[in-house]
Amino acid sequence: MSEKVILCDMDLSQLTEYMTENFAVKPFVAGQLYGWLIKGADFADMTNLSKTLRAALSERCVAQPVKIVRTLTAADGTQKFLFELWDGNVVEGVLMKYKYGNTLCISCQVGCRMGCRFCASTLGGLVRNLSAGEMLGEVIAVNALGKDRYVTNVVMMGSGEPLDNYDNTVKFINLLCSEQGLNFSQRNISLSTCGIAPQMRRLAEEGLSVNLTVSLHNPDNEQRREIMPVANAYSVEEVISAARYYFEKTGRRIIVEYTLIDGQNDSYSHAMRLAALLKGMSAHVNVIALNPVKETGLKGTSGVKLQKFLQYLEKFGVSATRRRTMGQDVEGACGQLRRSYLRGEHE
Ligand code: SAH
């Protein structure tokens, strides 16, 4: 089973080469196939391709590496999807509906090895990376639920660390933005990282213009290490310096993600130090109260204290807003996505 070729891993020119070489078809047939693939069709639906070709394809290839096997809809309309990958692994995604469009939050790894103390995605460690075509498959599967361009924005903020799956992540961005494919604008894509500084710098060199979000959560190195093991490898200063470099290279304003944990990172002095760190930088801080993950025992900062923290930031001249928590009642909010099972292990 592991020998199958995932067709969504290829762009149109690669698919054309693959199809002409391996199935002796004319290039336009590869074009037809590609059109079906990005619409979310399976071989059985591809009625303008010959039956023999479809049979041969299904022996050797996977058309859709991702299937939606369960959908939960929250009171605010946010939908959480359980995606089954072609090999039986599962990841989750979340669709948030806004006035300007629909944002899909996708996963890039089954599990995660970053070990952030407050996050559900990392609880069982890393199982495997997703391929570029599998990440694209998440978008294709959800897009197929609506009319053309149903998904307008993609955020890489589901399970996994995109910069720990670097090559596939960059390839995915290129596939998603391919003109013959879903033709996404890079400006409608956000990549979130826990702060793997050298990879942030490498990303800055790629010539992409996706938005970069940095999960900081604490301006103090020692305290940050207590909640984020990656901080042992890269200091806050290194992370921010890499973020500044990303801005210099791409002109994209950096988003700093700051999750407030009660009594741990929500004081006046935290706000002051955060402001000092971001001084002179084109950055915006997204403040969010920690969403509950029962295994962690950590508590989010209450509304009143959260407002105060925002006021402190404002006072220090930092552009900051509170990010709405969406989909909490289906555990679809930030940090609540986890490796669940079809059997419903965590219900
Ligand atoms: N690995 C990447 C992508 C995950 S994005 C990263 O760390 O950025 C998920 C975002 O939600 C990150 O900013 C993460 O720090 C934050 N998060 C994790 N657990 C959370 C929780 N319980 N409540 C609120 N935010 C959380």
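Predicted model: local features only at pLDDT ≥ 70, side-chain atom pairs only at ≥ 80, totals over all residues.
I number residues from 1 along each chain as its sequence is written, and side-chain values use heavy atoms, with hydrogens and water left out.

Helices (H or I, at least four residues) and strands (E, at least two) are DSSP runs, numbered from the N terminus. I noted the crossing of H1 past H2 as right-handed, the term for a near helix turned clockwise from the far one by less than a right angle, with anticlockwise giving left-handed.

Next I listed the residues at this crossing, taking contact as heavy atoms within 4.5 Å. From H1, the residues Leu12, Leu15, Thr16, Met19 and Thr20 meet Pro27, Ala30, Gly31, Leu33, Tyr34 and Leu37 of H2. By class, this contact of H1 with H2 has eight nonpolar, three polar and no charged residues, where Ala, Val, Leu, Ile, Met, Phe, Trp, Tyr, Cys and Pro count as nonpolar, Asp, Glu, Lys and Arg as charged, and the others, Gly among them, as polar.

I then looked up the loop between H1 and H2, where Ala24 is found. The phi of Ala24 is near 50°, a positive value in a residue other than glycine, and Ala24 is exposed at a relative accessible area of 69% (buried means under 20%, exposed over 50%, partly exposed in between, with a 1.4 Å probe and protein chains only). Asn183 also carries a positive phi, about 55°, although it is not a glycine; Asn183 lies in the loop between helix H5 (166–176) and strand E10 (189–193) and, at 34% relative accessibility, counts as partly exposed.

Turning to the record, I found that UniProt, in an unreviewed entry, annotates residues 98–329 as "domain: Radical SAM core"; such annotations may be inferred rather than shown by experiment, and the positions are in the numbering used here, with feature names shortened. The end C-alpha atoms of residues 98–329 lie 18 Å apart, and the span is 33% helix and 19% strand.

The unreviewed UniProt entry lists Cys112, Cys116 and Cys119 under "binding site". I located Cys116 in the loop between strand E7 (109–111) and strand E8 (126–129), buried at 11% relative accessible area; not counting residues up to four places away in sequence, Cys116 touches Thr122, Ile227, Met228 and Pro229. Cys119 lies in the loop between E7 and E8 and is buried, at 17%.

The "binding site" feature is also placed by UniProt (unreviewed entry) at positions including His217. His217 is found in the loop between strand E11 (211–215) and helix H7 (221–227) and is buried, at 4%. With residues up to four places away in sequence not counted, I recorded Phe118, Ile227, Met228, Glu257, Tyr258, Thr259 and Asn265 as touching His217.
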